[in-house]
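Please take me through this structure in the viewer, one selection at a time. I would like to know what to select next and what is there.

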Amino acid sequence: MNAATEDLSARAPAATSLGRTHDFPILARPVHGRRLVYLDNGATTQKPEAVIEAERRFYRESNANIHRGVHWLSQHATDLYEAARRTVQHFINAAHAEEVVFTRGTTEAINLVAHSWGRSALRAGDEILLTTLEHHSNIVPWQLLCEQTGALIKVVPVSDTGELDLDAFDTLLNERTRLLAITHVSNALGTINPVAMLAAKAHAVGATVLVDGAQAVAHHKVDVQALGCDFYAFSGHKLYGPTGIGALWGRAELLAAMPPWQGGGDMIRTVSFARSTYADAPQRFEAGTPNIAGSVALAAAIDYVSAIGIERIAAHEHALLAHASAALAAIPGVRLIGTAADKAGILSFMVEHIHPHDLGTILDSEGVAIRAGHHCAMPLMTRFGIPGTARASLGVYNDAADIAALVNAIHKAQDLFGTRSTTP
Amino acid sequence: MSGIDGNLRELYQEVIFDHNRQPRNFHPMTDADHHADGHNPLCGDQLTVYLRIVADTVVDASFVGHGCAISTASASLMTEAIKGRPVDEVEALFHAFHAMLTDASAADGAPAAALGKLAVFAGVREFPARVKCATLAWHTLHNAIIGAQAPARTE
């Protein structure tokens with residue numbers, strides 16, 4: 001460890017550790033004989049024992065199919081599933097539990113809106129407003145919808161710091177705009193968008209607003225009513241929950257008017273070969289047997305996060321982000337990509353003369369897990385004229401020691417490539 | 001030195017750094033009669049391989065593009081290795097190279113000996129996620145030889 005790193009560690013405020021490492025069994029396993037330093041939380045978070053145990057306990061004690069059996073166990077499983085829905089409702093402060101639709105994750109939630117709401121609401125010449133910050137999952141479903149409806153996509157550009165160009169937003173938003181689909185937090189840069197303000201402006205021209213909350217829910221308090229959006233999508237696995245479960249929140253009156261998007265069991269009221277009628281939301285959008293165990297484990301993840309306190313987590317990650325940003329900026333040859341004033345715990349960076357993929361391999365050899373590449377945000381990488389970045393993303397268990405390990409691993413890469421500067 | 005550090009040094013040998021810093025035959029070829037584009041969608045690596053083939057022999061080879069050190073060095077060393085070789089020998093070289101990276105039974109075997117300088121990539125075998133970096137240029141070369149229209153992919 002060099003002197004600069006030690007100084008930064010020493011100055012790190014107490015809030016840069018929440019002391020939660022021991023809640024996560026996987027963090028005890030070594031990688032390449034070294035301590036696992038997991039900084040790939042933007043891709044997926046690790047799971048606390050409470051979540052792993054909740055899924056295990058469901059299968060050992062509560063497993064049955066829901067909404068159909070008259071036997072006790074089926075009712076028990078149904079109760080757990082619907083209780084999980086209420087846990088999600090309260091977590092994002094939705095007005096009604098019926099506004100929460102369980103999905104496989106953010107991607108399926110956005111596709112649900114594109115299929116159901118989009119196909120019935122959009123006409124040729126209507127405009128969908130996106131931003132350069134969007135993940136492919138908030139671009140491609142709208143492109144598919146445009147091919148089917150003749151609607152058009154407009155894109156709000158970003159500045160060199162990775163913030164939305166709000167003047168361009170005002171210019172692009174017009175009476176033809178039918179949908180604003182925007183990420184709450186950029187997965188590639190960490191930029192937090194001023195969603196409440198933009199949603200108000202979009203509503204003023206009669207547009208509907210969908211927010212991609214995949215990178216937001218684990219990192220700061222989300223209140224869908226305060227945001228004033230119409231749809232909010234997120235994944236459980238980026239919130240310390242399991243993969244394969246997520247949720248779409250939609251305003252009750254919008255969901256009530258939307259046609260089904262997948263047909264099958266559980267989403268119907270009556271079926272005949274002449275015509276079927278459909279259940280009310282949310283069941284209308286949950287065809288087939290859902291991920292029941294996943295929903296129960298997601299509720300356990302939300303309980304875990306809530307027990308620590310989402311505000312405490314936000315403050316911790318903010319302090320650690322400031323610490324990590326200073327530590328990386330102090331390394332000669334390291335350049336941060338995305339320096340918005342309002343950022344969540346994501347550090348995208350380039351190391352001079354070292355491709356992100358080479359960096360990823362060398363960091364991994366030190367047990368440091370980061371993401372290297374375009375982060376499913378190719379238009380954003382093109383905007384910055386780079387093929388990709390290295391990305392360290394923070395979670396509840398990360399602390400200043402993890403950042404010190406990251407810094408040391410970057411030094412190792414620079415030593416190996418012979419690009420380490422001796423003059424700071 | 002732990003196993004991983006030894007593997008890392010096997011992966012990043014000096015000759016790879018040399019060809020990454022100063023890639024050989026790194027230019028477009030105006031009189032090329034074969035060329036193809038390659039793209040690794042996973043990491044964004046992109047390159048174009050140019051060839052001049054006379055009487056079934058590669059008389060000139062070059063490339064342009066961007067990628068990681070492994071990918072750039074692989075393209076550079078490939079162009080050096082194939083110049084002056086008959087096309088069927090070049091294709092055989094690709095198969096031997098690919099086997100060295102992916103087939104444990106090929107380790108330290110006869111095919112590796114025939115690879116000459118390309119043997120520096122043997123260390124890639126310990127890093128399965130990086131095999132595509134080393135083979136992108138070769139897949140693209142193959143497409144250039146057969147005249148494929150779609151960009152070469154490692155996926």
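Colour chain B by pLDDT and select helix 5 of chain B, residues 110–114: this predicted model has its lowest confidence in chain B there, at a mean of 60. Now move to helix 3 of chain B, residues 69–82, where confidence within the chain is highest, at 97. Over the whole of chain B the average pLDDT is 90, and 90% of the residues score at least 70. For the model, ipTM is 0.90 and pTM is 0.93.

Next, select residues 45–54 and 57–66 of chain B. These are strand 2 and strand 3, which run antiparallel and are joined by 9 bridges.

Now show both chains and select the contact between them. Chain A gives 15 residues to the contact and chain B gives 16 residues. Which elements of chain A give two or more residues to the side that touches chain B? They are helix 12 (356–365) and helix 14 (400–417) of chain A. Select helix 12 of chain A: its 5 residues are the largest share of the side of chain A that touches chain B. Finally, colour that side of chain A by residue class: 10 residues are polar, 4 are nonpolar and 1 is charged.

Definitions and conventions. Residues numbered from 1 in each chain as written. Chains lettered and ligands numbered in written order. Predicted model: local features only at pLDDT ≥ 70, side-chain atom pairs only at ≥ 80, totals over all residues. pLDDT = per-residue confidence, 0-100. Helix = DSSP H or I, 4+ residues; strand = E, 2+ residues; numbered from the N terminus. Pairing = 2+ DSSP bridges. Contact = placed C-beta atoms within 7 Å. Nonpolar A, V, L, I, M, F, W, Y, C, P; charged D, E, K, R; others polar.
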